[in-house]
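I opened a new structure today and kept notes as I went. The entries follow the order in which I looked things up.

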Amino acid sequence: MSHSILVLDDDIHVRESLAISLEDEEFEVYEAGSSEEALKFLEAQPVDLVVVDLRLPGMNGTDFIKEARQKWPELKFIIYTGSPEFSIPVDLAEVPCVSNSIFLKPLPTCDVMVSEIRRMLG
């Protein structure tokens, strides 16, 4: 069974290249350019995991994760950011559905993220 992933990033180039890499790994991949767009999408189309950029227009990635977790407690999250100084807020770090691995852009290869996605989706 193929798992579905939503890639949430406001940079279309980052989003598309990550989506292509994940599709090559046999995941079903969807894309959203903002937290608001992603929340609307998830109401219509549930997914197994969201790869979340933190710096987004409007609602940021951390607030998106908090809101999405309330609506879909089974949903899993991986943080993908261009901010090397970012660390996971304590209220999210203790949540098993949020990966403790933070992936920094640009990823030299998607292998490590793919391994983490497979681990989280069991």
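I started at Glu26, which lies in the loop between H1 and E2. Helices (H or I, at least four residues) and strands (E, at least two) are DSSP runs, numbered from the N terminus. I noted a positive phi of about 75° at Glu26, although it is not a glycine. Is Glu26 buried or exposed? At 61% relative accessibility, it counts as exposed. For the cut-offs, buried means under 20% relative accessible area, exposed over 50%, and partly exposed in between, with a 1.4 Å probe and protein chains only.

I wrote down the ground rules next. This is a predicted model, with residues numbered from 1 along each chain as its sequence is written, and local features need pLDDT of at least 70. Side-chain atom pairs count only at pLDDT 80 or more, while totals for chains, interfaces and linings use all residues, and side-chain values use heavy atoms, with hydrogens and water left out.

Then I looked at the overall order. The protein has five helices and five strands, and from the N terminus on the elements run β-α-β-α-β-α-β-α-β-α. The C-alpha trace spans about 35 × 30 × 30 Å along its principal axes. Buried residues make up 48% of the 122 residues.

I followed strand pairing from E1. Two strands pair if DSSP finds at least two bridges between them. E1 and E2 run parallel and are joined by five bridges; Ile5 stands opposite Val29 in E2. E1 also pairs with E3 in the parallel sense, over four bridges, and there the bridge partner of Ile5 is Leu49. E3 and E4 run parallel too, joined by four bridges, and Leu49 has Lys76 as its bridge partner in E4. The chain crosses from E3 through H3 to E4, and this β-α-β crossover is right-handed. E1, helix H1 (residues 12-24) and E2 also make a right-handed β-α-β unit. Right-handed means that, with the strands pointing away from the viewer, the path from the first strand over the helix to the second runs clockwise.

I checked the side chains of E3. Leu49 and Val51 point one way, Val50 and Val52 the other way, and all are buried. In a regular strand the side chains alternate between the two faces of the sheet.

What does Val50 touch? Not counting residues up to four places away in sequence, I listed Leu6, Leu8, Leu42, Phe64, Leu75, Lys76, Phe77 and Ile78. Contact means heavy atoms within 4.5 Å. Val50 is one of the residues that touch the most other members of the largest nonpolar core, which has 25 residues. A nonpolar core is a set of buried Ala, Val, Leu, Ile, Met, Phe, Trp, Tyr and Cys residues joined through side-chain atoms within 4.5 Å. Apart from this core lies another, of 20 residues, among them Leu22, Phe27, Leu107 and Leu121.

My next stop was Leu54, in the loop between E3 and H3. Leu54 is buried, with a relative accessible area of 8%. Beyond four places away in sequence, its contacts include Asn60, Ile79 and Phe86.

Last, I looked at Pro106, in the loop between strand E5 (98-104) and helix H5 (111-121). A cis peptide bond joins Lys105 and Pro106, with omega about -15°.
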